Amino acid sequence: MFKLFRKAPARRGEYLVISVSGLFPLQFVATRWTENDIVAERAVIIWDDVVKFIKLTLQKPRSKQPQDNKSYDNLVKYHSNPLVMVELHLFKDVALILNRFLITFQTDNPMVPFLSMELSTILKSLMRFFMPKAILQKLTSSYLVNKIDVDDKNNLCVVSDIQLTTAAAAELQKNVPKKLHDGVKKSFRTMLQALIKKIQERSPVGYKLVRVSACLNPVNMATLDEEGSQRMFDGLVSMMYNNRRITSVVADKAKEQFDKFLSTEVKFNKTDFQ
């Protein structure tokens, strides 16, 4: 859509005459696709205008239509496909879930204690579309979330129970023939499975340092038992000592301070920590 109107003043003028929104497509960036949620959002808004433009152009003689233009040929091919809007909504909504992570963690602030919880939340957000609630309830730690096999048939819903995002589900029910519904759901599940496996493979949650650092997350301080938090902190301190980041004196002092912090500050201010 973007390439069709880029550097084409005559086309842009024709489009504006029939456009209800008066908006043009935004440029898609393949190397940072998770940041393209706003591009897909714009595509959703203007899709009807683009379809009108394509139908109007098709009424012209072939010589008056764009020649050797792959963008135009693709739009001619897909402008009447009822699945386009469903797929745009799915792309937009999934990209938005992932982009939340990028926005939060692209910073110099000390964010390691929050990595495991945030990644677990994101993975569960994606898993809930195609995995039973009973399975998700068993994933009580970031480690289990990162290790679950999303290809195991025992961990999957039946096709009819696969969920789509709200906007995509509404579009599916409204404009897509019933016989195509299962195919759309299977495709969505396949995409999510591949995406989740790639995140699991690259996830920093695979490192013990990231998992034990979660003891410094205020929410975990307030919700985990003191013994469990202390055990995680001891593991963190031991790793730092073994890697010669701190001395044994600093390590012992840190353990003492953390234990005191849990039994005083956290104990009497649990609501604030939560």
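1. Helices here are DSSP runs of H or I with at least four residues, numbered from the N terminus. The model is predicted, so local features need pLDDT of at least 70 and side-chain atom pairs pLDDT 80 or more, while totals for chains, interfaces and linings use all residues. Residues are numbered from 1 along each chain as its sequence is written, and side-chain values use heavy atoms, without hydrogens or water.

2. Lys185 lies in helix H10. The Lys185 side chain instead reaches the backbone oxygen of Ser160 at 3.2 Å.

3. The largest nonpolar core has 39 residues, of which Leu126, Met127, Phe130 and Met131 touch the most other members. Such a core is a set of buried Ala, Val, Leu, Ile, Met, Phe, Trp, Tyr and Cys residues joined through side-chain atoms within 4.5 Å. H5 gives the most to this core, with 8 residues. A second, separate core of 17 residues includes Trp47 and Tyr72.

4. Rings of Phe, Tyr and Trp (its six-membered ring) pair if their centres lie within 6.5 Å; planes under 30 degrees apart are stacked, over 60 edge-to-face, the rest tilted. The count comes to 10 aromatic pairs. Tyr15 and Phe24 are a tilted pair because their planes stand at 40°, with centres 5.1 Å apart. Phe129 and Phe188 pair edge-to-face, at 5.4 Å and 65°, and link parts of the chain 59 residues apart.

Key. Buried means under 20% relative accessible area, exposed over 50%, partly exposed in between (1.4 Å probe, protein chains only). Helices (H or I, at least four residues) and strands (E, at least two) are DSSP runs, numbered from the N terminus. A polar contact is a pair of N or O atoms within 3.5 Å; within protein, one must be able to donate a hydrogen and the other to accept it, and residues adjacent in sequence count only if both atoms are side-chain atoms.
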